[in-house]
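Here's a quick tour for anyone meeting this structure for the first time. Have a look at it, then read on.

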Amino acid sequence: QVQLVESGGGLVQPGGSLRLSCAASGSIFSIYVMGWYRQAPGKQRELVATITRGGNTDYADAVKSRFTISRDNAVNTVYLQMNSLKPEDTAVYYCNANIWARTGERGAYWGQGTQVTVSS
């Protein structure tokens, strides 16, 4: 069974920084694209950033130049460094990964979400 576990959320003042981590575990053969999404109260879940196994990245316009996504393939972990945080970044952040399990199954998996609150 494959599982994604996020950590690193919390309360931060505007202009501050946080680093999120998401570790994939279980019977994993390979992980393709990994990414972060977020959902603010009353809004739909939206893409924040993605990264391929080879390191190619893509960002939502709202977070470009402030957020950096990275991954460590050796430990099946993806990170999101968030700088210059704004109140509008407040949301539950979800990790997503496209995983090929050793059972042969392929699919998209989600973490449980971690709350990020930007407020003074």
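Let's start with an open sheet of four strands, in the order 1-3-8-7 and with antiparallel pairing. Strand 1 (3-7) and strand 7 stand at the edges with a single partner strand each, so one side of each is left without a neighbour in the sheet. From one strand to the next, the twist averages 15°. Strands here are DSSP runs of E with at least two residues, numbered from the N terminus, and two of them pair if DSSP finds at least two bridges between them.

Strands 7 and 8 run antiparallel and are joined by six bridges. One partner to look for is M82 in strand 8, which bridges to F67.

A word on the source: this is a predicted model, where local features need pLDDT of at least 70 and side-chain atom pairs count only at pLDDT 80 or more, while totals for chains, interfaces and linings use all residues. Residues are numbered from 1 along each chain as its sequence is written, and side-chain values use heavy atoms, with hydrogens and water left out.

## The core

The largest nonpolar core has 31 residues, and W36, L80, M82 and Y93 have the most contacts inside it. (Such a core is a set of buried Ala, Val, Leu, Ile, Met, Phe, Trp, Tyr and Cys residues joined through side-chain atoms within 4.5 Å; buried means under 20% relative accessible area, exposed over 50%, and partly exposed in between, with a 1.4 Å probe and protein chains only.) Strands that each supply at least two residues include strand 3 (18-25), strand 4 (28-39) and strand 9 (91-101). Strand 9 gives the most, with six residues.

Leaving out residues up to four places away in sequence, Y93 touches, among others, W36, F67, L80 and M82. A contact means heavy atoms within 4.5 Å.

## Rings that meet

How many aromatic pairs are there? The count comes to two, with ring centres (six-membered ring for Trp) required to lie within 6.5 Å; planes under 30 degrees apart count as stacked, over 60 as edge-to-face and the rest as tilted. F29 is exposed, at 51% relative accessible area, and W100 is partly exposed, at 25%.

Y37 and W110 are also edge-to-face, at 5.0 Å and 65°.

Note on methods. Axes are lines fitted to C-alpha atoms, for helices over the stretch in contact, and angles run from 0 to 180 degrees between N-to-C directions.
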